[in-house]
Amino acid sequence: MKKENQENQLISSWKIIIGILLFIVGEELLMELIIFDWLEPILLNNLEEEVADTITEIAEYTLLALLLIPITLYFIVVPVNRANQKFFQLYQKTRKTLEHEQQQNDLLTLIGRMAKVGGWEVDLSSMNPTWSEEVYRIHGVNPGKQLTFEETINFYDPEARSLISEAFEKCVSEGISYDLELPLIGENDKKLWVRMLGKAEQKNGKSIRVYGVLQDITEQVVSKLEAQKANLAKSQFLANMSHEIRTPMSGVMGTTQLLAKTDLDSKQKKYVELLLKSGQQLTYVINDILDYSKLSANKLDLIEQPFNLQECLQDIVDVMKGIAEEKNIALQLITGANIPSYVLGDSIRIKQVIGNLLSNAIKFTDVGKVTISVKTLSQNSSTVDLLFTVKDTGIGIKSEELPLLFKKFSQLDSTITRSSQGTGLGLVIANALVKKMGGEISVESQFGVGSEFYFTLHLTEITAEQVSSDQDSSEVDNETKGFVSTRILLVEDNPIIQFVTMDMLRDLGCKHDLASNGKEALNWLEDHEYDLVLMDIHMPEMDGLTATKHILQKYPEPPVIIALTADAMNHKKDQYLKAGMNDYLSKPINLNELQVIIKKYQKSET
């Protein structure tokens, strides 16, 4: 009985062992049964009792081991599997980060190539520079090539090297950043222009590296130089055109002014008045074109000086009143009670702005009135904000046409164009002048009712004692007896201007002589003394500037030299003053202005 139990236990143990093994290796249950059917008689018939006991023990231990294996494997495989999953997730995340960073780097490289901008740095411990790919490209050097600091400096023009060294040293020693535009000799000795920015990184108060940006700005610099050349050519052309137009205009206007002072009947006076007005209108057109050119080139300078605001406004109203009366419309000036008497500003440009606005208002008003008013917006101890308004009862402006008002060369429609005159620059110039003086200009209009133009100015208020005692250039002194002792040398090559100016001088009672060029002027000065020299600039044989230089060098106490110029550009006038001339008169020469300037320098000698 005991033996039978052992045999059954042995067989059961083997069945379990082999079943587990078959389960592990994945065989089917049918195979398991076949194997046990084959093993059973062998185990029963051939094994002794001791052997059977041993086998049973082995089977038990084997069973225990096999039961422990899955448990062991579970506690080993599961953590490993989890770690493997985390590692895989980390790998995926790292790969995405690296891919994103690579995309960013590729994008930065692409943008840098498009903008022609690269980065650089210099490690101050080794003085070895590091360049980005774009910096290598700008220099025409293969990427990755190691260069010394001295070698990088040698890419630049000799004049630029000292600038770089000085800026770099200040950056390192004082922490001063720099921004330089430099000429660079690139690949195949091609000259480039670059912009170099540098900044120092400091640690514990000491610079450890300098880093920055390098940009190829060759196209911008070339474009800028070409624009400067174009502006210079334009300015020269306008100066030449001004000279060519103003010279004959001087003859026309001067002759007409002289004619107006002769005995004329009413019909002749009317013709002379028309000539003067037409000449003035042509002069305004010339001035508009030149002013626009100067504003475009940013060469129009403001001349601030004390002036009487009320008189300034009254002067421009008086000038425009005759034009308004011809159209049977009223022109009215309204000033606020608290506006200052005297201010500091450019009275000529303020008159020009108001004159342009009044001219337009009168031009487009057939019935009613035009009003110019000024009032104080705010005021403190030294400054005042003023609001100027020009209001008319004219044809008005359509709302869709308002944006065109301050655009150059624009007039609103063909009907107005045919019925009006002008360059279409008046409001453009007025707008630019107001902005240059720190103000703003605006407009409100209702078609068929009228328009209102507003502009503001911020001016410095001054006292009467601060106002210059010099007389305004518009004043006309009818007493010419004081000029009898004044000796004037006229230096002018144009026969028409010679005739007109000499007649003006004769009319003013001045003693005068004539020289046709600079050489003749020097000869006259050898034998005669003059109080005043009216010196033309452009003349054959010797020009006015050269003649002036000789006069100043030869005579310790030279006569007053007044430039007669058809150049309306301010930088030209500045050139004449720097050359030693005392003042200038612009052509066409105005009789009143000539009288004022003679009186001005006659006073300075008495």
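Residues are numbered from 1 along each chain as its sequence is written, and side-chain values use heavy atoms, with hydrogens and water left out. As this is a predicted model, local features need pLDDT of at least 70 and side-chain atom pairs count only at pLDDT 80 or more, while totals for chains, interfaces and linings use all residues.

## The whole protein

The protein has 17 helices and 17 strands; helices (H or I, at least four residues) and strands (E, at least two) are DSSP runs, numbered from the N terminus. Of its 606 residues, 38% count as buried. Here buried means under 20% relative accessible area, exposed over 50%, and partly exposed in between (1.4 Å probe, protein chains only). Among contacts (heavy atoms within 4.5 Å) between residues at least 6 apart in sequence, 65% join residues at least 24 apart.

Eight bridges join β3 and β4 in the antiparallel sense, and Pro 183 stands opposite Trp 193 in β4.

With 8% relative accessibility, Leu 192 counts as buried. Beyond its neighbours within four places in sequence, Leu 192 is in contact with several residues, including Ile 138, Leu 182, Pro 183 and Asp 216. Thr 218 is another of these contacts; the two C-alpha atoms are 5.4 Å apart, although 26 residues separate Leu 192 and Thr 218 along the chain.

## Helix α15

In helix α15 (residues 544-554), Gly 544, Ala 547, Thr 548 and Ile 551 are buried. Seen down the axis, the buried residues of α15 fall within an arc of 100° and so line one face of the helix; the arc is that of the directions from the helix axis to the C-beta atoms. The face turned away from this buried side carries the exposed residues Lys 549 and Gln 553. The buried residues pack against α14 (518-527), β15 (532-536) and β16 (560-565).

## Side chains reaching backbone nitrogens

Asn 308 lies in strand β6 (residues 305-308) and, at 16% relative accessibility, counts as buried. Leaving out residues up to four places away in sequence, Asn 308 touches Ser 341 and Tyr 342.

The table lists polar contacts: pairs of N or O atoms within 3.5 Å, where within protein one must be able to donate a hydrogen and the other to accept it, and residues adjacent in sequence count only if both atoms are side-chain atoms.

| Side chain | Backbone nitrogen | Distance |
|---|---|---|
| Asn 308 | Gln 310 | 3.0 Å |
| Asn 308 | Glu 311 | 3.0 Å |
| Asp 543 | Leu 545 | within 3.0 Å |

The Asp 543 contact is at the start of α15.

Technical notes:
Two strands pair if DSSP finds at least two bridges between them.
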